[in-house]
Amino acid sequence: MKHYVGAMHENEDIEKGLTLSQLDHALDSHQDEQFMKILKQLGLGDIDIVRIMCLTFATLLGMFTFLFFGVVAFTTPSEFSSSVSAILPVLTGVGLYKSKFFHRGFGISLESLKTKIQEALNNDSPRE
């Protein structure tokens, strides 16, 4: 209401009422004030928002750095790229083995898979 009254006092001709632009300005300032009140109630002041933005920027910078070194690791021949290339399949296999998808998603338990492999190896005789 105070924004509406403030806009009315800005108007030279009070009898005509507010123009549409003055009403828009009053509503925008009211919305901005309510927004800042809500942020302060949530514990997010100006300093907190700046802190969050800096942390977000640092995280984004770290991710871009990680991606850059990842691209460098696979494009330039060096000891670093060969070590990354060697360990990547191992980590992928361990991650797949530890995942729930591997144990449930295929519908085959590891024990039944082991027995099927053992049976296939025992029944398969060398061909001459």
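Colleague: Met63 first. Why does Met63 count as partly exposed?

Modeller: Its relative accessibility is 48%. Exposed needs over 50% and buried needs under 20%, so Met63 counts as partly exposed. Keep in mind that this is a predicted model.

Colleague: Which helix is Met63 in?

Modeller: Met63 is found in helix 3.

Colleague: And which residues form the nonpolar patch on the surface?

Modeller: Leu60, Met63, Phe64, Phe66 and Leu67. Together they have about 560 Å² of accessible area.

Colleague: What about confidence? Which elements have the lowest and highest mean pLDDT?

Modeller: Helix 3, residues 46-75, has the highest of the chain's elements, at 88. Helix 5, residues 100-105, has the lowest, at 56.

Colleague: What does the protein chain average?

Modeller: A pLDDT of 76. At least 70 is reached by 70% of the residues.

Colleague: Switching to helix 2. How many residues, and what reach?

Modeller: Helix 2 has 22 residues, 20-41. From first C-alpha to last, helix 2 reaches 32 Å, close to the 32 Å expected at 1.5 Å a residue.

Colleague: Which residues in helix 2 are buried?

Modeller: Gln22, Ala26 and Leu39. Seen down the axis of helix 2, the buried residues fall within an arc of 160°, so they line one face.

Colleague: And what is exposed on the other side of helix 2?

Modeller: Leu20, Ser21, Gln31 and Gln41 are exposed there.

Colleague: Which residue takes a positive phi just after helix 2?

Modeller: Gly43, with a phi of about 85°.

Notes. Residues are numbered from 1 along each chain as its sequence is written. This is a predicted model: local features need pLDDT of at least 70, side-chain atom pairs count only at pLDDT 80 or more; totals for chains, interfaces and linings use all residues. Side-chain values use heavy atoms; hydrogens and water are left out. Helices (H or I, at least four residues) and strands (E, at least two) are DSSP runs, numbered from the N terminus. The expected span of a helix is 1.5 Å times one less than its number of residues. Buried means under 20% relative accessible area, exposed over 50%, partly exposed in between (1.4 Å probe, protein chains only). The arc is that of the directions from the helix axis to the C-beta atoms. pLDDT is the predictor's confidence in each residue, from 0 to 100. Patches are made of residues with over 30% relative accessible area and no salt bridge: like charges are joined within 9 Å, nonpolar side chains (Val, Leu, Ile, Met, Phe, Trp, Tyr) within 5 Å. Accessible areas come from the Shrake-Rupley method with a 1.4 Å probe; for residues, only the protein chains shown count as cover. A salt bridge is a side-chain nitrogen of Lys or Arg within 4 Å of a carboxyl oxygen of Asp or Glu.
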